[in-house]
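Please read the points below beside the sequence and the model.

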Amino acid sequence: MDDSNASTGNEGGVTPSERYLAKLCRRSFLRLWSYPNLYRNQGNARGGDGKEICDLVALYGNTVVLFSDKSCAFKDSGRLDIDWNRWFKRAIQKSVDQLYGAERWLKDEPNRVFIDRQCTTRLPLALPPREQMRVHRICVALGAKQKCRELFGGSGSLPQLLPTTPKQGTPLVSLPFTIMQADYGSGIVHVFDDVTLDIVLGELDTIADFSEYLQRKEALLDRGVLSGVAGEEDLLALHLRHRASDSGDGFGLPQDAKSVIVTEGLWDDLVKSSQFRARKALDRFSYLWDEIIDTVAGDALGQKLMIPQSVSDVEQALRVMASESRFWRRVLSRHLLDFVATSPPNRIGRRVLVATEQRPTTYVFGCFPPDKVRDIESYKYRAWHMYHYCLAIAARHPRPLQVVGIGTEAGAGNGGRTYDLVMVRINNWTPELEKEASDAREELRVLEPSNVTWRQSHDDEYPPLPPTRSKGARSRKPGRNEPCVCGSGRKYKKCCGQ
């Protein structure tokens with residue numbers, strides 16, 4: 001697959017704040033699932049001048065995330081209660097109305113959603129059925145940060161005083177610079193402001209991490225447990241520290257908790273911690289995974305695939321890859337980088353990352369000798385090889401098993417890197433498929449004991465820090481071939497020493 005980027009027409013946004021939101025969401029959700037300024041042909045089923053649905057829609061499987069962006073200057077008349085109420089209605093209440101309207105349209109008219117105002121180009125991905133659609137509503141309310149900081153200090157993010165009983169229905173705007181509820185009558189709306197928009201989308205920059213956070217926060221709100229939050233960034237810090245905790249709620253709260261108030265300062269404490277910085281350093285490997293997804297998606301949308309496939313066919317495999325969290329993207333990317341770097345350039349090599357109970361996907365990485373001349377026949381063979389190797393893997397394990405294969409060139413790839421992406425997920429094994437898998441297993445020597453080396457690996461999201469040196473001990477730079485000080489397990493020269 002050609003690694004050039006295609007223009008997809010979904011990089012838009014009309015106002016500066018909408019364009020900034022589109023840029024953030026494109027980075028987090030990638031081009032195939034992030035659509036600014038979708039339109040509906042309301043009142044004119046044949047097209048024409050479309051009406052904007054909302055500022056941005058992110059799609060992933062059955063998950064739909066709606067964004068409404070309102071950037072409104074906070075006008076100071078000297079009457080704080082009046083000024084706040086006016087800003088609230090323009091920045092938040094209008095967004096709430098737009099979000100509820102967008103949700104109704106997507107559920108009622110899924111086939112009348114377009115990416116252009118003329119309503120000539122339909123959304124390239126199918127929306128999930130109404131009964132399966134999980135909707136998250138995001139209000140982006142900008143403009144109150146400076147005034148909030150002047151009056152109350154702190155970061156300028158809006159605190160939230162949430163009622164213990166959800167679905168109050170009537171907006172409460174009595175306390176200036178405070179969000180008084182989460183449900184305005186037709187479902188929970190999350191409010192991100194000038195401060196928290198960057199923080200939340202910067203930290204939860206995969207659809208898996210972002211939707212997990214929203215689901216777990218909504219569960220707390222539905223239970224009536226979450227009574228107050230100093231700022232969205234502090235709730236996020238609690239989640240990042242405890243999302244894998246035994247409590248299962250994603251925030252480390254006691255099972256019998258009745259009312260929780262999240263205090264100020266949790267986010268500042270987290271970002272200053274050594275483990276947080278170590279995690280961020282290791283996460284830089286993970287963006288290779290994003291690059292592969294976005295490259296293949298761009299080629300599919302731009303019709304640049306060497307072996308033509310529909311966007312919907314390619315999207316199924318890319319969706320599996322995009323379902324991985326930032327942590328697992330780091331693990332997978334590091335395995336792929338290590339495999340590519342160590343594979344001999346004169347023969348085909350494969351590495352298999354076997355699925356577990358927690359992770360249902362088996363990945364197969366294939367490295368092929370770099371071709372001096374790349375033609376359609378070499379791409380066809382690579383795709384054939386990867387598909388049949390994955391088919392043979394799927395036939396050997398408990399079924400149905402989901403197998404994704406990524407084929408690329410061995411070595412540094414100075415001439416440019418290309419990728420072949422295949423997915424095998426078969427629910428109905430026929431005798432013909434069984435024979436095809438059996439023949440592939442013999443021809444490609446799939447998992448033959450004589451040519452397989454098994455090994456286990458372990459990664460921590462927050463890597464353990466090296467022991468602190470005693471006072472007075474002199475530090476030294478680690479040797480090139482010594483283990484890296486960040487705890488990654490790689491040699492220093494291939495990790496932080498690069």
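1. A nonpolar core is a set of buried Ala, Val, Leu, Ile, Met, Phe, Trp, Tyr and Cys residues joined through side-chain atoms within 4.5 Å; buried means under 20% relative accessible area, with a 1.4 Å probe and protein chains only. The model is predicted, with local features requiring pLDDT of at least 70, side-chain atom pairs counting only at pLDDT 80 or more, and totals for chains, interfaces and linings using all residues. Residues are numbered from 1 along each chain as its sequence is written, and side-chain values use heavy atoms, with hydrogens and water left out.

2. The largest nonpolar core comprises 114 residues, and Phe67, Trp87, Ile92, Phe210, Leu318 and Met321 have the most contacts inside it. Helix 2 (residues 80-108) provides the largest share of this core, 11 residues; helices (H or I, at least four residues) and strands (E, at least two) are DSSP runs, numbered from the N terminus. A second, separate core of 22 residues includes Leu391, Ile393, Leu433 and Ala440.

3. Contact means heavy atoms within 4.5 Å. Neighbours within four places in sequence aside, Phe210 touches residues including Phe29, Val65, Phe67, Ile138 and Phe192.

4. An open sheet of mixed pairing is formed by 6 strands in the order 4-1-2-3-5-7; two strands pair if DSSP finds at least two bridges between them. Strand 4 (113-114) and strand 7 (189-192) stand at the edges with a single partner strand each, so one side of each has no neighbour in the sheet. Within the sheet, strand 1 (residues 34-40) and strand 2 (residues 51-60) run antiparallel and are joined by 6 bridges; Leu38 has Cys54 in strand 2 as its bridge partner.

5. Helix 6 (residues 232-242) is largely enclosed by the rest of the structure, because 9 of its 11 residues are buried. Among them are Glu232, Glu233, Asp234 and His239.

6. Strand 10 (residues 349-353) has Gly349, Arg351 and Leu353 on its covered face, and Arg350 and Val352 on the uncovered one. The strand is joined by 5 bridges to strand 11 (residues 361-368), which runs antiparallel to it, and Arg350 stands opposite Gly366.

7. Which residues lie nearest the centre of the largest pocket? They are Arg351, Val352, Leu353, Thr453 and Arg455, out of 34 lining residues. Helix 11 (326-342), strand 10 and helix 12 (376-396) each supply at least two residues of that lining, and helix 11 gives the most, with 7 residues. On a 1 Å grid over the protein atoms alone, a pocket is an open set of points where a 1.4 Å probe fits, with protein on both sides within 12 Å along at least five of seven lines; lining residues have an atom within 4 Å of a point.

Conventions. Buried < 20%, exposed > 50% of the residue type's maximum accessible area, 1.4 Å probe, protein only.
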